[in-house]
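Here is a short tour for anyone opening this protein for the first time. Have a look at the fold, then read on.

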Amino acid sequence: MKTIHNPKHITLIISIISIISTSLIACDKIEPGENGEYTIFAGTTATWTDGMPIASPVHRALVEKYTGPQCVNCPTADRILNEAHDRIGDQMVILAITPGGGDGRPYSGQPDMSTEDGDKWCETFGGGVNMTLPFAMVDRNVSYQGASTMNGVESAVNSTIEQQPVAAVEAEATTATSGKVAITVNVNYLQDCDSAMTLTLALSEDSLAYYQAATPSEGGFQTAYKHNHMLRDVITDVWGFDIQAEGRAGEARKARFEYTLPDGVVKENCHIIAFVSYKKSRRVINCAQCEIDD
């Protein structure tokens, strides 16, 4: 190794290291570089490598449900979507997002379930954080607003999962060390595709009990309403990161992440949701959900 004798060079190197270290500490999410390497949080990166073809590909539909504690009609939407999930099963993946405004605002003394990334989705897909609730999207392709429209979600999900997807996705998560989770995602192209795709990871949590407005037919105002599928964090960038692949049928790519669970979540009630989208349109191609194993 060549020895550096010039003090100016040493000072420059120290400064660069200091800047990089400060950036990692100050920012949890950094844009991916041209080499595909993506920093999820300080000191941790994920890089695409060759994966294994998925033996039994499954087409699942992502249902993003926008809901809020002050939305009197949201429990009706919950019931309709839960009943649809009971009939469809795990091919229907639900993620609940709470806007930071309007009926998404918490009651006094209650937890605020909104997130910065969730609000970005509200702005993009629902017109803003003061959007009319309930609101649901299937694969960011079709949307439903108002409790009376929610019955359409089941039909849209069934229509989606009957089709062969462009790509299959599977995810698994295990406890690595205290508070940390190791996540592995495998993406398998089932059809040729020349459109850029991204992978987004989110953390959801079930069995959260707090105030919820409701119609008399749904039990009226409740102080310990059970909220499930709640978005707690977007692990990657809000719009995901590029899947490095040539897009040939049969190609499989894999990425591994290490993630620190946010304070206050109950690991046993959490799920990791992984979904693959077209980069340009943001339409979801396929998704997967997994528990966090010990």
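## Salt bridges

Searching the whole structure turns up eleven salt bridges, where a salt bridge is a side-chain nitrogen of Lys or Arg within 4 Å of a carboxyl oxygen of Asp or Glu. One of them pairs E170 with R60, with the closest N and O atoms 3.1 Å apart. E170 sits in strand β8 (residues 167-175) and R60 in the loop between β3 (49-50) and β4, so this pair ties together parts that are 110 residues apart in sequence. Helices (H or I, at least four residues) and strands (E, at least two) are DSSP runs here, numbered from the N terminus. E170 is partly exposed at 26% relative accessible area, while R60 counts as buried at 11%. For these words, buried means under 20% relative accessible area, exposed means over 50%, and partly exposed is in between (1.4 Å probe, protein chains only).

Another one joins R87 and E154, at 2.8 Å from N to O. R87 belongs to helix α2 (residues 74-88) and E154 to helix α4 (residues 151-161), so the pair ties together parts 67 residues apart in sequence. R87 is exposed, with a relative accessible area of 55%, but E154 counts as buried at 18%. There's also a network of salt bridges that links R79, E83 and E218.

## What the model is

This is a predicted model, in which local features need pLDDT of at least 70 and side-chain atom pairs count only at pLDDT 80 or more, while totals for chains, interfaces and linings use all residues. Residues are numbered from 1 along each chain as its sequence is written, and side-chain values use heavy atoms, with hydrogens and water left out.

## Around strand β6

Is strand β6 (residues 135-138) covered on one face or on both? Both: F135 and M137 on one side are buried, and so are A136 and V138 on the other. β6 has an antiparallel pairing with strand β4 (residues 61-66) over four bridges; two strands pair if DSSP finds at least two bridges between them. In that pairing, E64 stands opposite M137.

On to the next strand: four bridges also join β6 to strand β7 (residues 142-145), again running antiparallel, and here F135 stands opposite Q145. β6 and β7 make a hairpin with three residues between them, and D139 in the turn has a positive phi of about 55°.

E64 turns up again in a salt bridge with R140, where the closest N and O atoms are 2.9 Å apart. The pair links distant parts of the chain, with E64 in strand β4 and R140 in the loop between β6 and β7, 76 residues apart. E64 counts as buried at 0% relative accessibility, and R140 counts as buried at 9%.

## The nonpolar cores

In soluble globular proteins, nonpolar side chains tend to be buried together. The largest nonpolar core in this model has 33 residues, and those with the most contacts inside it are I183, V185, L199, L201, F257 and I272. Such a core is a set of buried Ala, Val, Leu, Ile, Met, Phe, Trp, Tyr and Cys residues joined through side-chain atoms within 4.5 Å. Among the elements that give it two or more residues are β8, β10 (197-205) and β17 (284-293), and the largest share, five residues, comes from β9.

Take L201: leaving aside neighbours within four places in sequence, its contacts (heavy atoms within 4.5 Å) include I183, V234, F257 and A274. A second, separate core of 23 residues includes C122, M131, F275 and C287.
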